[in-house]
Amino acid sequence: MAQKAIREYDGKTLFSKQWENYFSGFHYGFKSVLVKSGAELLAKAEEHGFEWLKQEPLVAKPDMLFGKRGKNDLVLFKTNKPGDVTLADAAKWIDEKISHTTTLLTGQHGTLSHFIVEPFTPHSQEQEYYISATCVGEDDVLYMSAEGGMEVEEGWDEKVNEVVVPIDMSDVDMEHAIKANIPADIPAENRVVFESFAIAFFKFYRDMNFAYLEINPIVMLDNNEMAILDLVARLDDTAGFLMKDVWGDIEYPTAFGMEDQSPEEKAIADADSKSGASLKLTILNPMGRVWTMVAGGGASVVYADTIADFAEANGGSIADLANYGEYSGGPTTSETKFYADTIIDLMTRHKDPKGLDKIMIIGGAIANFTDVAKTFTGIIQSFEENAEKMKEHNTKIYVRRGGPNYEKGLKDIKEAADRLGLCIEVYGPETHVTDIVRMALEK
Amino acid sequence: MEKLYTKDTQAIFWNNNKTAIQRMLDYDYTIQRKTPSVAAIVAPTSGNKFEKFFYGPDEVMIPLYKTTTAAKKEHANAEVLLNFASFRTAYDVTMEAIELGGFSSIMVTAEGIPERLARKMNNTARNAGVTVIGPATVGAIAPGAFKIANIGGTIENIVNSKLHRAGSCGLVTRSGGLFNELSNIIAINADGIAEGVAIGGDRFVGSVFIDNMLRMEKNPEVKYMVLLGEVGGTEEYKIIEAIKDGRITKPVIAWCIGTIAKHFSTGVQFGHAGASANADAETAAAKNKAMAEAGIYVPASFNDLPATINKVYSDMLAKGIISEIPEPKMSLVPKVRRSKQFICTISDDRGEECTYAGFPISSVATPDTGKGIGDVISLLWFKKQYPQWATEFIETVIKTVADHGPAVSGAHNAKVTARAGKSVVESLVTGLLTIGPRFGGAIDGAAKYFKYADDNDLDPKAFLKYMKGEGVPIPGIGHRIKSLKNPDLRVTGLMNYAAEHFPSTPLLDYAKSVEALTTSKKENLILNVDGTIGILMVDMWRALGYSESEINEFIESGTLNAFFIVGRSIGFIGHVLDEKRLAMPMYRHPMDDILYDVQEAEKL
């Protein structure tokens, strides 16, 4: 939602596409490829325009959103000495990395799958700088340092200059503020060049609707040649409709270590993208015994909070909570049925290891405009198809809902469950919204 | 501003969201507001001029406009804008309204406005002193006074949740769904709310908790406040600061939802776009703890919130800070309502006597009333009481156009039909059907083109050039035999009347300058009677204070032609009766008056 991380490769592509519009006094080679395997890299090297892969020493590293790749020993820049990595070395290294799971220093683990490969850029520590921009509170902030690389984060306060740019600041004032805050330890001969690069960088960050943009390090070589060695970027995806042509078909990968979405989550996300209503599903623990089908974003949070509270207070744990999600914004009967089918299917795949009952929480606050009876019709249809499976897993259903037409909705769902022999308790707005969680878990 | 809305607050609703607007009007009727809370609707793509809504059992019409500017111009008192535009246009709509001025608050419902635009919008509003509610919100409510769109849900829920009259709690939430829930909790455990705002779920919202709570601090109806925060952001700490430095003194009950987030290190987004903890201080647990330490009433869990509210309320009630609220009278919105098929805004036959625009027929009919046919026309056609110079001008026009002999096409048609044995009405309509662009239509055309030229400051030469470009002769100019030397006395009469009685005749003056040019080319190119009538009608309406767009509408809708139709009907009926009286036989046109040129059809 809103802020989405993009690959380093895509960030650099955006730079290169816009380079002349923002950084016309500077030069940027943009020699980068994104590959998933050694074979793909080797194939790429045969394409026109990528001859450099065979001609120059290379650097290879994973491009999967996580940082501190150097510290994680995941940057290939030497075999014996820096700058001696050949195409064959890089391909071999990539193939080795994708062959097993990798655990980062943070504990995140998963299999590496995307790599960025670039020419090795010989340079000195003095040529490295740091620059980034993001939004803090209501303002944009530009960060600049004469020191780039891993060192900048240690001793951040001493090494980094901040420029706060309020949303209504004029370009003249913004440029003035940046010029006045260029780090003192940038050598005098580079100062003017850095100034104009920093101003261009800020405008690029702003106009491209980045939420976060960091180059660390940016290397200033001779003849105004810039090398973007490492880049981290997040876009404000709500600006997508404005930026469609500029961004192109950009990918928002899931964070490394996060299990890829399950087919069920993908199916719900797909239904969500095609609907005017909102359908969200995250599976937290497929073996969990408490499954929720909650209407509304806010309500889904309080249900999750309350389930965690009561599970822990009653001898269970957070692992009891199987899923998080919500449906809202007036979904159609068939959308609701599909959502209920998905939840019930997931819920009835595994027997509870301790032999406990399954709990299905059909919760929601008092709706503003969603027709409760209509959405419940979809749930009832799903009950009708899945009743036997639900009974096999000793499913206890707890319902609480209010809003337009709620009396009918509650009456219908109670009658249907009774008719199908399902165990159900039904409550309306006179019962506190999350009190069904207490009822379900205190037993 | 100590209260966000009062019982007199009126809104302009951007987007014709009929269900939401109907909910507002049902609310207004229930709480017995004097005027509907929606004054106007902006519907950029609608061709309609109004939309019908129920107000209790009856229907009211709410005007539609294409732009906020047009709506605001006609409804200057409506100082709330309810911006229901999509995330694509919501920013532009808000910025236009701020630029326009005169709005004290703007509610923005769209979710997912680009963050940079949202920041710009919120900043511009703040600098202009405009309170923005949202984006990504269901709105706000001042119970018993004003309710935005769908907030509070159905009318049944509103009454159950005591949202129909002011209670003593000030409520702020992020989430719209939980706003209703909290209203319900507060109604069950206390006496309802005095003012409530769902600030919206996006990361950048216009007014935040502190803005709304500082206003509620000043609102005497608010005795205590309930804040429902969320994981993420630091807005709750501003409340703590305000309590510490004494800007907030009323008791505050608060809870931050999203305590679940602590169990999941990354990846899962719990709740809204604005709800994501970037630092320890932004977690729900940290905020709940900090608020409790600052003396805010913080329950042990969300499930315990009702009990906390009940305790604070009961204490204040016992101490006499809050007194029992008498239940006000309410009007009941009928369950079944039927929309009317027809609308009438000119006459009404439901009372003792039928009225013309509010005037009983007897008050305009007889000579002693001093009213003539011009007065009746001004009432039934324009719903206005025109001054005497105008009604007499209308009568002069009608008398002037009543007939022009048997040879003109309309009269001829009427006569031929009458001679075929048809009735008066059949013969009359045959004549009337001839009226159009070529017969009688010059009145419309003259008014349209001369007004266009005058509006666009075309000098006579440029006007002639323009008409040449259009490829039409200038309507209202030219006569078969009359000329400057041999003037049309009907025209002279109309002009003399206007000179003597009209406050001013700018369009006629312009038309005369055109006539001076055309007659210099050919002397019968004078301003004729059709042209003079059309042009003077425009001058009449201008002098009566109609706007140019209203006058254009009269021209477009064929009102000018209508004067000709009424007038000439008198003459047509005369010709028809003449035929009946003379018992003339069926008419057959002489064959020698027809050029026969019939060729054998070609085979294709």
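Predicted model: local features only at pLDDT ≥ 70, side-chain atom pairs only at ≥ 80, totals over all residues.
Let's start at Asp73 of chain A: this residue counts as exposed because it has 8 C-beta neighbours inside 10 Å. Residues are numbered from 1 along each chain as its sequence is written, and chains are lettered from A and ligands numbered from 1 in the order in which they are written.

Back to Asp73(A), then. Its phi is near 55 degrees, a positive value in a residue other than glycine. You will find Asp73(A) in the loop between β3 (58-62) and α4 (87-97) of chain A. When I say helix or strand, I mean a DSSP run, H or I of at least four residues for helices and E of at least two for strands, numbered from the N terminus.

Asn223(A) also has a positive phi, near 55 degrees. This one sits in the loop between β10 and β11 (226-228) of chain A, and it counts as exposed because it has 6 C-beta neighbours inside 10 Å. Most residues other than glycine have a negative phi, and most peptide bonds are trans.

That brings me to the cis bonds. In chain A, the peptide bond from Asn216(A) to Pro217(A) is cis, with omega near 0 degrees, and Pro217(A) belongs to strand β10, residues 210-220. In chain B, Gly134(B) and Pro135(B) are joined by a cis bond with omega of about 5 degrees; here the proline is in the loop between β7 (131-133) and β8 (139-142).

Over to chain B, which has an open sheet of 6 strands with mixed pairing, in the order β9-β8-β11-β10-β12-β13. β9 (146-147) and β13 (252-257) of chain B stand at the edges with a single partner strand each, so one side of each has no neighbour in the sheet. Strand β12(B), residues 224-230, pairs with β13(B) in the parallel sense over 6 bridges, and Val226(B) has Ile253(B) as its bridge partner. Helix α7(B), residues 209-218, packs on this sheet, touching β10 (169-173), β11 (193-198) and β12 of chain B, and its direction makes about 175 degrees with that of β10(B). Axes are lines fitted to C-alpha atoms, for helices over the stretch in contact, with angles from 0 to 180 degrees between N-to-C directions.

Last, the interface. The contact takes 43 residues from chain B and 43 residues from chain A, where contact means C-beta atoms, placed from the backbone, within 7 Å. On the side of chain B that touches chain A, α6(B) gives the most, with 7 residues. Thanks, everyone!

Methods: Buried ≥ 20, exposed ≤ 12 C-beta atoms within 10 Å, placed from the backbone. Pairing = 2+ DSSP bridges. Contact = placed C-beta atoms within 7 Å.
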